[in-house]
Structure formats: structure tokens, C-alpha cells
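Visitor: I'd like a close look at one part of this model: the aromatic ring pairs. Could you walk me through how the rings are placed and how open they are to the outside?

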Amino acid sequence: MAPMLERFASPGKGNCLRATTTIKSGKLLFSADPLASCVSTKVAKDVCHRCFARHETLLRCSQCKMARYCNITCQKQAWSDHKRECKCLQSILPRIPTDSVRLAARIIFALMNPSKSGSEELYSLNEHESHLSSMSEQKKRGLSQLASMLEIYLQQEVPELALEMTSALPQSCGRPLDLIAKVTCNCFTISDGELQEIGVGLYPSLSLLNHDCRPNCVMAFEGTKLHLRAVRDIKPTEELTISYIETLSLTEERQKQLEDQYHFTCRCQKCDSQYTDTLMQSGERATWQKLMEALPKLEELQAASEWQTLRESCARLLSTEGADVPDENLYKLRLTNMALDAAVHLGHWEEATTLGERTLPIYRRYYPDPHPVHGVQLMRVAKLQHYLERIQDALNTFKQAFEILKITHGIDHPLVADLLVKMEECRFEIDQ
């Protein structure tokens with residue numbers, strides 16, 4: 001762990017991380033590789049299982065038929081981690097275990113390998129909380145089913161699972177149920193540069209970071225490497241925080257998600273003040289409630305890539321009930337973003353640009369600090385403006401995106417490098 005950070009115990013919170021010196025906004029605080037990671041099943045055919053890069057065409061493992069790689073180099077580099085997993089996947093074909101089961105298995109394989117013991121971590125797996133004692137019986141039953149799947153999955157490669165777990169894993173992970181519980185509470189979602197989920201990983205030291213709905217740090221990924229950066233100036237002894245969830249939601253929704261998944265009630269300043277809730281619910285309740293009730297069905301259409309039906313449904317709602325609801329309303333914003341997705345997928349570029357531009361003033365209000373979600377939205381709109389040959393508008397929007405992403409991702413991140421190229425293209429076209 002870098003000398004600018006240290007572990008400490010906070011009354012009522014447990015183990016945390018804090019600054020040991022003054023830290024400026026944009027400072028890279030820590031970079032870490034995962035103890036173990038795996039590509040999410042839903043993108044398993046589109047993402048390299050070694051470097052986590054997206055490609056249209058990937059080589060497939062001839063044995064398990066699941067793992068995919070950019071090229072033979074990635075495949076060879078992955079073999080030391082994949083060889084045990086490969087046998088396990090073959091043994092249960094055509095079934096595919098959940099991401100949490102596959103990650104738990106990879107953690108076991110990593111800890112059976114002395115070179116990946118995690119001895120340099122500031123926070124050991126043994127110290128991670130499972131929260132089993134505070135879980136409902138229903139949730140315990142769900143985790144028990146995952147633990148049973150883990151045992152079946154590992155039967156081929158680790159037939160004496162109980163014995164191996166006792167010898168290779170810390171005492172508090174001696175049962176499959178304990179390990180599964182720790183994985184579900186402490187793993188991180190790995191995302192690409194545009195914040196789309198591509199995998200899950202366990203980063204033991206960074207599990208020390210507590211949640212805040214307006215955090216002073218954010219995480220960005222390059223492949224599976226996690227970078228932690230400050231997004232505000234931080235004073236010595238100030239606790240470092242991240243957001244465990246997407247914070248663009250009502251206080252009640254955020255608190256419920258945190259209680260269900262992480263087993264605590266958030267009492268941060270944003271939750272206690274609820275200062276954004278009024279804005280998020282602006283307009284007549286009877287009107288925006290119709291938008292809220294329509295969202296689950298629209299999300300199903302989005303997940304199923306039913307873009308034309310989604311576009312038509314969003315357009316109808318935005319021109320009827322939505323016309324009387326302020327743009328700042330949370331449910332109208334979600335609806336507008338879904339309409340934007342549909343327009344992009346269908347190639348309706350003018351429509352997509354108009355929808356995207358409508359969201360930008362709202363993102364500025366809801367994300368007062370530099371935030372990846374805001375930066376990526378700006379970059380997305382700038383690309384649309386550029387495509388429509390609105391070059392000066394595109395350059396201005398790219399500049400706004402750069403001011404955010406250089407802080408949240410860092411100047412050397414591939415996403416920011418791509419952004420700088422786009423800005424140079426705009427300047428060249430303006431000069432011409």
C-alpha cells in the first residue's frame with residue numbers, strides 16, 4: 001500500500017483507509033491486480049478472458065468451449081490460471097456456473113498457488129466480512145445453493161474440497177458457504193472504459209474502502225488492473241471512500257440496495273440530507289409515476305435488444321406523460337437515456353444527439369464532483385456531434401469530458417488517450 005494511505009479502525013465502521021498526507025484531486029492513490037477475477041458470463045463470448053479486451057472475433061478454448069482469447073499469446077498467458085478451471089467447466093457442461101461461483105473457484109486455485117498467496121495485501125481474505133450472521137434466512141438459503149454448486153463445480157479438479165479449503169484457505173473461509181458469502185459482499189465489478197460491466201474480481205486491500213454516496217475517490221479499470229484516484233482534495237487523516245453502487249437514485253433506493261447487498265444502512269451526508277430527492281422527483285407525482293411504472297418493461301426490452309420497440313415506447317411516453325415532467329426528474333432521465341441507447345443502436349444519429357444533449361445539464365447537477373458516469377456521457381454525446389459534422393460543438397464537449405476523465409481515469413488511460421485523439425481530429429478539421 002502506498003505511503004500516502006494507511007489502514008485504521010473506525011468506531012462503528014470497522015477497518016478503513018485514510019490519507020496520511022494532503023492529496024490533490026486527480027492523484028493516483030493505488031493500483032492493484034486482483035487476487036482472482038473472471039469475465040462475466042453475459043459477455044463471455046465478446047471479451048478476452050485474459051486481458052478483458054472486447055473483440056468481434058475471439059479464439060475459443062477447444063476444451064471447455066467457454067473461455068475466449070484475443071490471440072494465441074493471450075491464450076498461453078492465461079493457461080496457468082485457466083487449466084484447473086477448464087477441467088471444472090468441462091465436467092458440468094452444458095451448464096455454466098454463476099460468476100460468483102467461478103470467482104470463488106478461482107480464488108481457491110489462486111490460494112493453492114504459493115506465488116499468489118496475497119501475503120502483501122493490507123487486508124487479508126481471512127479478515128473480510130461474510131455478514132452471514134446478519135443475513136436473512138432466505139438469503140442464506142440462496143448462498144447455500146451457490147456453495148453447493150461450488151462443490152459440484154470443483155469435484156473434478158478438487159475432489160477433496162473440504163480438505164483443500166482447510167489447508168489452503170484462511171480459517172474463516174473453511175466452508176464453501178463462508179467463501180461464497182465473502183465473495184458476494186467484497187468483490188468488485190470490473191468495467192471497461194465506458195463503464196460497461198465485463199467481469200468481477202477480488203481486490204483484498206481495496207475492500208477496506210467504505211461507501212459514501214458522494215465519495216472522495218473513484219475506481220477505473222485497465223483490463224483487470226484497478227486504479228484508485230481522488231476526485232476531491234483530501235486532508236491528512238480523512239477517510240477515503242468510494243461508492244459501492246450507482247448513486248443516481250433516490251435515497252430510499254440507494255439505502256435498500258446497500259442493505260440488501262452489503263448489509264449496512266448508509267448514513268452519509270447525502271443520505272441524511274436527502275438534498276437531491278426533491279429534484280429527482282420534480283413535477284406532478286401522478287404524472288411521473290407513470291414513467292416510473294413503465295421502466296421495468298422498458299428495461300426488459302433494452303436487455304433483449306428490442307431496439308425498435310424500445311424506441312417507439314420511449315418516444316410515445318416522452319411525448320405524452322413525459323412532456324409535462326421536468327428533465328431533472330429521475331425517471332424521465334432514465335427514460336431519456338434508454339431512448340438514446342435505442343436511437344444509437346438503430347442509427348438515428350440526429351435523434352440520439354438531441355436526446356444526449358438534453359441529459360448533459362442534468363448530469364452536471366447530479367454529479368458536482370468529477371465522476372466517470374458524467375465524463376463518459378459527455379464523450380458519448382461529443383462523438384455523436386462529431387459524426388454529424390458539428391465539429392466545434394464536438395470539440396467543446398470533448399474538452400468538458402477531458403476535464404473530468406483526466407481526474408477520474410488519469411491522462412494515461414486508454415479512454416483518455418482516445419479522447420485526446422478525437423480532440424486533435426476536431427482541431428484539424430476546424431483548421432481545414
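Guide: First, a cut-off for what follows: a residue is buried if its relative accessible area is under 20%, exposed if it is over 50%, and partly exposed in between. Keep in mind that this is a predicted model. Searching the whole structure turns up 7 aromatic pairs. One of them joins Y244 and Y262, with ring centres 4.8 Å apart and 50 degrees between the planes, which makes it a tilted pair. The two partners sit 18 residues apart, in distant parts of the chain: Y244 is in the loop between β12 (241-242) and α6 (251-262), while Y262 belongs to helix α6. Now for that cut-off: Y262 has 12% relative accessibility, so it counts as buried.

Next up is W349 with Y387. Their ring centres are 5.1 Å apart and the planes meet at 55 degrees, so this pair is tilted too. Here W349 lies in helix α12 (residues 349-366) and Y387 in helix α13 (residues 372-387), so the pair ties together parts 38 residues apart in sequence. As for accessibility, W349 is partly exposed because its value is 29%. Y387 reaches 54%, so it counts as exposed.

There's also a cluster to look at: ring pairs link F188, Y203 and F221.

Note on methods
Residues numbered from 1 in each chain as written. Predicted model: local features only at pLDDT ≥ 70, side-chain atom pairs only at ≥ 80, totals over all residues. Heavy atoms only, no water. Phe/Tyr/Trp six-rings, centres within 6.5 Å; stacked < 30°, edge-to-face > 60°. Helix = DSSP H or I, 4+ residues; strand = E, 2+ residues; numbered from the N terminus. Buried < 20%, exposed > 50% of the residue type's maximum accessible area, 1.4 Å probe, protein only.
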